[in-house]
Amino acid sequence: MDYSSFLQMREEFSLIAVLVFLLIYDIFAGEKALKYFQPVALVLFAAHTVLNCFPREAFEVAGGMFQYVPMQTYVKSILNVGTLVVLLQAHKFLNEDANRVKRGEFYFLTLSTLLGMYFMISSGNFLMFFIGLETASIPMATLVAFDKYSRKSAEAGAKYILSAVFASSISVFGISLIYGSTGTLYFNDLATLITGTPLQIMAFVFFAVGLFFKISLVPFHLWTPDVYEGAQTNITSYLSVISKGSAVFVLFTLLIKVFGNLVAQWQPILYGLAVISITLANVFAIRQQNLKRFLAFSSISQAGYILLAIISGSSMGMASLVYYVLVYMFSNLAAFGVLSVIEERTGKVKLDEYNGLYQTNPRLSFVMMLALFSLAGIPPFAGFFSKFFVFSAAAAQGYYVLVFIALLNTIISLYYYLLVIKAMFLNKSENPIETVKSDIPVKISLVICTLGILLVGLFSTIYTQIAAISFGM
Amino acid sequence: MDILNNILAGQVPMELYLGVSLIMFFAGVYGFLSRRSMLMILISIELMLNAADLNFVTFNRYLFPGQLEGFYFALFTIAIAACETAVAIAIIINIYRNLSSVEVGNLDQMKE
Amino acid sequence: MNFLSLFVLIPVLMMMGLFVSCSRKQLQIVMTIGASLLMILSGILTYMYLTDRAAGNLATMLYTADTVWYAPFNIHYSVGVDGISVAMLILSSIIVFTGVFASWKIDPLPKEFFLWFSLLSIGVYGFFISTDLFTMFMYYEIALIPMYLLIGVWGSGNKEYAAMKLTLMLMGGSALLLVGILGIYYASGATTMNLLEIAKLHNIPVAMQYYFFPLTFMGFGVLGAMFPFHTWSPDGHASAPTAVSMLHAGVLMKLGGYGCFRVAMYLMPEAAHEMAWIFLLLTGISVVYGAFGAIHQTDLKYINAYSSVSHCGLVLFAILMMNETAATGAIMQMLSHGLMTALFFALIGMIYGRTHTRDIRLMGGLMKVMPFLGVSYVIAGMASLGLPSLSGFVAEMTIFVGSFQHTDTFHRVLTIGAVSSIVITAVYILRVVGKIILGPMQDKHHEELTDAVWYERLSVGVLIAAIFAMGSAPFWISSMLHESVIPVVSQLIK
Amino acid sequence: MQYTLLILVLPLLSFIVLGLVDSKWKPKVAGTIGTVVLGIITALSYLTAWEYFTTAKINGVYEKIIPMHMEWIRFTEFLHIDLGILLDPISVMMLVVITTVSFMVNIYSLSYMHGEKGFQRYYAFLSLFTFSMLGLVVATNIFQMYIFWELVGVSSFLLIGFYYTKPSAVAAAKKAFIVTRFADLFFLLGILVLSFYTKTFDFGILTAEHTTVFAGSAGATFLGFGVISWAMAGIFIGGAGKSAMFPLQIWLPDAMEGPTPVSALIHAATMVVAGVFLVARFFPVYYFQTPEVLHGVAYIGAFTALFAAVIACVQTDIKRVLAFSTISQIAFMMVALGVSGYEGHEGTGFMASMFHLFTHAMFKALLFLGAGSVIHAVHSNEIKDMGGLRKYMPITNWTFLIACLAIAGIPPFSGFFSKDEILSASYEFSPYIGGIMTFVAALTAFYMFRLYYSIFWGKDYTVKAAAHGHDDHGHGHTPHESPFAMAFPLVFLATVTCFAGFIPFGKLVSSTGADYIIHIDSTVAIMSVVIASISILVATLMYRKPSATPDKLEKTFKGLHTAASRRFYIDEVYLFITKKIIFNSVSRPLAWFDRHIIDATMDGFANTTQWVSVRIKGVQSGQVQQYAYVFLLGTLLIAALVFFI
């Protein structure tokens with residue numbers, strides 16, 4: 001066997017190299033060298049991001065265990081950028097005395113989950129997929145419970161790990177049934193072997209809920225707000241964007257590649273899930289006082305919108321999905337970034353504590369507003385374009401009613417996004433949040449996000465690039 | 001009686017294994033839903049995962065004897081389950097430190 | 001780069017200029033220069049348009065330019081103008097210009113105010129120059145959102161409720177609209193988003209039109225304050241700051257009528273024919289209902305908002321009559337209503353700024369202390385109730401005559417109903433004029449009030465001049481519009 | 001005759017200039033500008049009239065001349081509003097009337113309005129009015145007429161509300177505008193219907209004798225009447241609104257809140273006869289196409305004449321008396337049109353109507369100016385504050401008397417000639433109408449002389465003023481004759497009134513344009529003179545000296561008297577309709593409906609969402625086992641649905 005073909009898994013090896021280097025650095029470096037740990041880590045990761053952002057020819061490794069298509073480069077790059085932004089935002093948090101000793105772990109765990117996602121995305125076999133999935137979710141639990149002195153964090157960690165394991169066991173059970181009915185775990189073979197027998201449908205449902213859990217669709221979403229609230233804000237943002245982004249992409253590829261024959265089954269399922277996810281999450285969101293919970297519900301409804309792209313099952317859907325994830329990443333990370341800065345410095349996360357924020361922190365409020373407008377789908381921000389494309393993809397397949405329901409929901413979502421904007425800009429406060437000073441990495445991260453929000457929509461090249469290779473999906 | 005004879009003859013039919021695994025799986029589910037202690041819940045999850053492993057192994061042995069995919073999957077699952085348990089136990093210990101209890105019902109600070 | 005894009009570019013540059021300016025004076029300079037440039041630009045455009053038309057250029061749209069934007073969706077950035085857009089651009093420029101002066105001393109946060117104001121004008125201008133469904137929709141939404149903050153921060157009264165209501169209802173409209181637009185795009189074969197090309201294809205199946213026509217029409221109709229989706233208008237306009245009310249009632253509501261005409265009717269003529277009667281009833285109700293609603297109000301802005309419901313209802317009403325004259329009248333009514341309602345809101349804002357009340361029961365005899373504003377108010381009122389030589393008359397008469405030429409009795413009877421609104425209009429206009437401008441002084445404190453200052457006079461003066469100009473010399477604008485509605489109407493008659 | 005354009009343009013310019021400069025110029029300058037402009041256009045009008053009546057006759061018929069014409073706005077292929085000047089006998093006659101009266105009023109106002117705040121504005125408005133009214137009469141098409149019709153309405157509104165701080169003036173202005181606007185609605189609808197069937201607005205085409213434009217409407221009926229009848233009825237209602245025909249007369253008495261010269265100009269001589277002019281303009285259409293409507297005009301006119309005359313007998317405000325008298329006299333003109341035939345002798349009514357319009361304009365303006373002079377002197381409108389003024393104001397006294405005699409129909413004053421023609425036309429049409437009109441003529445004579453005696457005779461003036469102590473102006477103030485600027489118009493108009501009857505009017509104005517020889521029907525003439533004389537005599541007996549007879553009569557016919565002095569409660573009916581029905585029963589519920597149904601529905605969506613949000617918060621219980629439970633249920637539900645659907 002020619003192992004040299006393994007070298008084609010460039011992204012993964014590059015990430016492993018970063019990972020291992022940082023682990024060794026953290027363990028063996030002296031006190032003085034550790035000062036530069038974060039800058040080194042960030043630079044390394046940035047280099048990794050830049051080096052791996054060019055798509056290559058499609059290939060397979062290990063007999064189809066690992067399958068690469070160019071689109072994955074984009075997805076992975078999006079995840080890379082997102083992770084980089086999260087790391088930048090976490091810079092200050094990790095420099096605090098209590099956390100300094102743990103920052104090696106933080107990087108290691110974060111990058112491990114990312115590695116898991118890489119494998120999940122590129123998997124060509126259910127075993128590979130499952131390993132990737134678990135690699136992505138188990139370290140995540142430790143990240144959620146990162147602050148070991150906080151009860152909330154511990155509670156969130158427990159909830160996350162229990163729910164995640166519960167979901168993955170159901171999922172594994174489903175995989176086992178698939179195996180039983182077909183005799184193979186390779187995606188390439190499965191595509192023809194899955195013919196729609198009742199057992200296979202059952203297996204599909206069992207398997208799929210595991211991913212629905214990851215994407216946090218209603219009714220598999222209940223863990224989301226609690227975990228988002230309990231976890232440290234930067235981790236929440238990681239969870240909400242990177243973890244979810246990889247899962248939706250995988251869901252789409254699996255539905256097309258593996259379960260293409262079950263399209264008559266999964267389209268109505270997704271239809272229903274999209275409707276209730278969007279609606280219920282929105283209804284929950286309007287009442288939230290804690291901004292992290294609020295964004296949790298918002299991200300659930302965003303996931304519902306993404307389903308509109310998946311449901312179309314077309315290459316246009318694929319392109320709009322990836323684009324949506326990209327835009328969603330910028331917007332959500334911007335919102336979480338502002339949130340984390342303020343929580344970090346003042347400990348305030350309640351909606352009414354944000355009253356009058358514009359008076360004291362005009363720039364942060366402005367970024368927050370852009371992010372929320374983008375999430376709500378208001379032009380000229382990128383969110384408008386991504387929503388439009390997603391709707392367009394669904395409408396192209398004739399799902400006008402679904403699009404209509406989703407659009408009606410945008411009204412509700414606009415309402416609660418405006419509640420935050422109202423708090424920041426309109427409401428007056430006796431003691432507003434004091435002016436906070438954000439450090440340079442956070443500033444960079446917010447600038448990246450803002451530029452993303454402003455420019456990704458207006459410059460069509462990004463979408464056209466994505467769309468150009470979505471046909472080879 | 002055929003089944004019993006078969007079993008006695010050392011030829012256990014596949015359905016029986018699958019039945020056991022199904023019972024294990026739902027026992028695990030039931031345990032997850034009803035147990036108070038987080039440790040018991042973890043054990044229930046192990047049951048569920050093991051049920052899946054049993055499925056893999058059974059299918060491999062009975063239906064596709066020429067290959068090893070199911071066995072491998074079971075092996076990997078066991079390993080992953082171990083990781084999960086390790087992390088979960090760590091978190092439960094952390095919970096215990098914070099709450100002096102491992103009752104899952106106490107995890108209700110964040111809701112609505 | 002097509003020179004039409006300057007209409008969008010100038011506000012963008014204005015925003016940049018505002019961003020770097022640091023004193024009120026600088027803000028004012030930036031805004032004045034920008035608004036004047038826009039005025040000049042629309043003047044030049046009008047001149048060029050008229051000369052080109054006179055030279056025999058018969059294209060549906062002039063100065064078209066087309067740049068591919070999102071190729072996979074056939075989204076192009078395509079611009080072009082015909083007489084209707086030219087008219088609307090003039091209107092927008094006038095109102096932006098006067099709006100700047102009407103909010104000369106806006107407080108607090110002038111910088112932010114003008115920034116949002118400029119963003120709003122980007123939306124408005126962009127909408128009118130676009131010929132692409134997507135960009136049109138995009139600009140439409142761009143124009144909606146600044147409203148929230150403009151009303152919420154700088155408004156008065158129950159502003160937060162009003163701002164929220166306005167934004168959400170208009171978003172509701174745009175939700176309907178987006179489905180309609182997607183439907184149009186895909187039902188026409190998903191080959192182009194360009195209005196003109198879709199119209200040329202004319203291949204949307206009639207069965208599909210039955211779904212998408214009402215969606216599109218209602219979507220735009222919400223912004224056009226069509227009954228029963230008009231309730232955002234009274235609250236929203238009442239709470240908005242002066243310049244925003246002006247721009248919103250004056251231009252933004254016209255987006256609704258323009259869109260109904262340009263998109264809904266133009267692209268789906270068969271359904272328009274079949275379903276017009278439903279909307280005719282609704283808009284007919286708007287016309288009368290708005291007028292009656294205005295009679296009972298006591299807040300000046302509410303009165304004007306209901307009057308806008310009535311007048312804008314007339315716009316949609318006329319469009320649905322589907323003949324050239326009525327359609328021309330509709331566009332003229334848009335212009336005329338835009339001008340006079342802007343004038344109204346400007347005056348109300350100025351009066352409110354002095355008396356700190358808008359309740360007509362608490363004011364009286366203001367003519368005595370502020371003759372300029374008083375006279376202007378009377379002129380605005382007269383324009384609104386359709387006095388000849390002011391703009392309202394020509395517009396309304398074109399609509400009435402046009403509508404009445406409809407061969408169907410049902411339409412003519414409806415027209416009679418709509419015509420009756422002119423009496424009701426007179427009633428509420430005169431009620432207000434009689435109450436606050438004329439009559440004895442109600443409040444002793446009002447004796448000390450002062451008349452308008454120069455920037456207010458400028459703002460009001462420009463609007464009045466425009467109203468007079470349109471009212472006394474309607475022929476050129478009427479013929480400019482007339483030849484531009486022909487493509488749409490001929491599509492409908494086919 | 002291009003210069004006729006100047007007749008329109010000059011007052012417009014004068015309005016714009018005076019309106020813009022407002023109080024920046026001295027009152028005197030503004031007044032002079034206004035008056036001089038009026039003087040010029042009066043001269044031009046006379047020139048026009050002279051030139052027209054001397055040259056425009058072709059084959060014995062006066063032709064229509066259109067010296068100026070432009071397209072203003074085009075609606076459809078056929079329909080377009082033009083602005084132009086149409087000269088024909090009636091419009092030329094109107095030019096003369098309007099400019100003359102307006103000129104007189106301008107001169108008069110120089111003194112009457114002296115020292116008023118807003119003097120410049122007043123002159124601006126007067127110019128505006130003159131412009132609009134002139135535009136109305138020279139209109140070449142019905143829409144041009146409608147345009148100026150509205151402008152006239154608004155200038156009337158502005159002038160009635162000239163004393164804008166006075167609530168009653170504002171209310172009166174509003175009322176006038178809204179009532180006429182209501183009538184204009186029907187006018188407009190009439191135009192719309194008419195133009196829909198005839199495809200033209202043009203008077204020339206519509207009123208041509210053998211026109212074919214009505215062919216298209218043949219057989220088209222609505223509720224049993226031809227559509228053209230409806231259209232022409234609508235147009236008549238428009239005219240009735242302006243001319244204060246029953247039941248739209250209510251605004252005119254209130255309009256007396258305006259300055260008295262304005263009443264003279266607008267509400268006596270010119271604007272109020274616009275309705276008559278309108279019917280006259282459309283006379284061929286009425287006559288040939290819709291005779292039933294024309295008869296309706298006659299009946300409504302007759303009723304109005306009687307109705308107004310009865311009320312005029314009991315009013316105590318001198319301007320109100322004159323106002324009702326105006327209504328009554330305009331009704332005379334309407335009747336005359338209504339009963340008129342078309343050609344030759346048949347056309348008496350038309351000619352008489354125009355003639356009466358002309359004479360009435362002069363003597364009614366004179367009456368109002370005279371009344372203004374009196375009011376100027378005693379600072380009151382009420383009859384009871386006057387009396388015995390003949391000693392103080394001889395010129396006013398004499399001119400007023402001449403006007404009274406004219407309106408009463410005593411020869412040789414102008415009113416006699418025109419009224420006599422009307423009466424004889426009425427008798428030819430129907431003896432009943434004739435009888436009613438004669439009775440009205442008698443009433444006219446009675447109430448005019450009641451008025452005349454109450455002002456200039458009766459009790460001595462100063463006594464009353466003293467008795468009426470609270471009147472600050474009246475107290476201790478001796479009335480004196482008005483200055484020259486006021487006296488001159490009185491004298492001028494009186495002169496005209498004396499001699500206008502001898503103008504060979506029939507030669508100038510007739511329904512066909514051909515000569516019409518006036519011949520006085522001696523029976524009718526003698527009868528009317530006798531009856532008028534008797535009425536005057538009765539009035540003389542009752543009012544010349546203070547006597548108890550009026551009070552006694554008042555007591556005897558208490559019901560009638562009260563009803564008449566309350567104007568037969570028509571105002572109350574209107575108030576009921578507007579206040580109770582429109583405002584309280586339509587508008588208020590509508591506002592409520594808007595707020596609590598429509599708006600509440602929209603809010604309801606929001607509130608429902610909020611409510612649901614609160615209700616379902618229990619789902620998010622915080623218990624991880626419950627989450628798993630929901631998770632499992634969701635899975636099984638999906639599985640079940642996939643299998644069973």
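Q: Which residues is Ala365(D) in contact with, leaving aside its neighbours within four places in sequence?
A: In this predicted model, the partners of Ala365(D) are Val101(D), Met104(D), Ala264(D), Leu265(D), Ala268(D), Ala269(D) and Leu493(D); each counts as a contact because the C-beta atoms, placed from the backbone, lie within 7 Å. Residue numbers start from 1 along each chain as its sequence is written, while chains are lettered from A and ligands numbered from 1 in the order in which they are written. Because the model is predicted, local features need a pLDDT of at least 70 and side-chain atom pairs count only at pLDDT 80 or more, whereas totals for chains, interfaces and linings use all residues.

Q: Which members of the largest nonpolar core touch the most other members?
A: Ala365(D) is one of them, together with Leu308(A), Val322(A), Val403(A) and Val335(D), in a core of 693 residues. A nonpolar core is a set of buried Ala, Val, Leu, Ile, Met, Phe, Trp, Tyr and Cys residues joined through C-beta atoms within 7 Å. Helix H15 (residues 315-346) of chain A gives the most to this core, with 21 residues; helices here are DSSP runs of H or I with at least four residues, strands are E runs of at least two, and both are numbered from the N terminus.

Q: Why is Ile300(A) called buried?
A: A residue is buried if 20 or more other C-beta atoms lie within 10 Å of its own, exposed if 12 or fewer do, and partly exposed in between, with C-beta atoms placed from the backbone. Ile300(A) has 28 such atoms, so it is buried. Its place is in helix H14 (residues 291-312) of chain A, and, not counting residues up to four places away in sequence, Ile300(A) touches Ser216(A), Val218(A), His221(A), Thr224(A), Ser277(A) and Ala281(A).

Q: What kind of peptide bond joins Val218(A), one of those partners, to Pro219(A)?
A: The bond is cis, with omega about 5°, and Pro219(A) lies in the loop between helix H10 (198-215) and helix H11 (223-230) of chain A. Another cis peptide bond, also with omega about 5°, joins Phe246(D) and Pro247(D); Pro247(D) sits in the loop between helix H8 (227-242) and helix H9 (251-254) of chain D.

Q: What makes the phi of Ala244(D) worth a remark?
A: Most residues other than glycine have a negative phi, and most peptide bonds are trans. Ala244(D) is not a glycine, yet has a positive phi of about 55°, and its place is in the loop between H8 and H9 of chain D. With 30 other C-beta atoms within 10 Å, Ala244(D) is buried. In chain C, Ala225(C) likewise has a positive phi of about 55° without being a glycine, and it is buried, with 31 other C-beta atoms within 10 Å.

Q: Why is strand S4 (residues 80-87) of chain D described as largely enclosed by the rest of the structure?
A: Six of its eight residues are buried, so the description follows from that count.

Q: What makes chain B more spread out than a compact globule?
A: The radius of gyration, taken over C-alpha atoms, is set against a globule rule of 2.2 Å times the number of residues to the power 0.38. For the 112 residues of chain B the rule gives 13 Å, whereas the radius is 18 Å, well over that value, so the chain is more spread out than a compact globule. Chain B has four helices and zero strands, and its C-alpha atoms fill a box of roughly 55 × 30 × 25 Å along the principal axes.

Q: How do the residues on the side of chain C that touches chain D divide by class?
A: There are 39 residues of chain C in contact with 37 of chain D, and the chain C side divides into 24 nonpolar, 14 polar and one charged. Here Ala, Val, Leu, Ile, Met, Phe, Trp, Tyr, Cys and Pro count as nonpolar, Asp, Glu, Lys and Arg as charged, and the others, Gly among them, as polar.

Key:
Contact = placed C-beta atoms within 7 Å.
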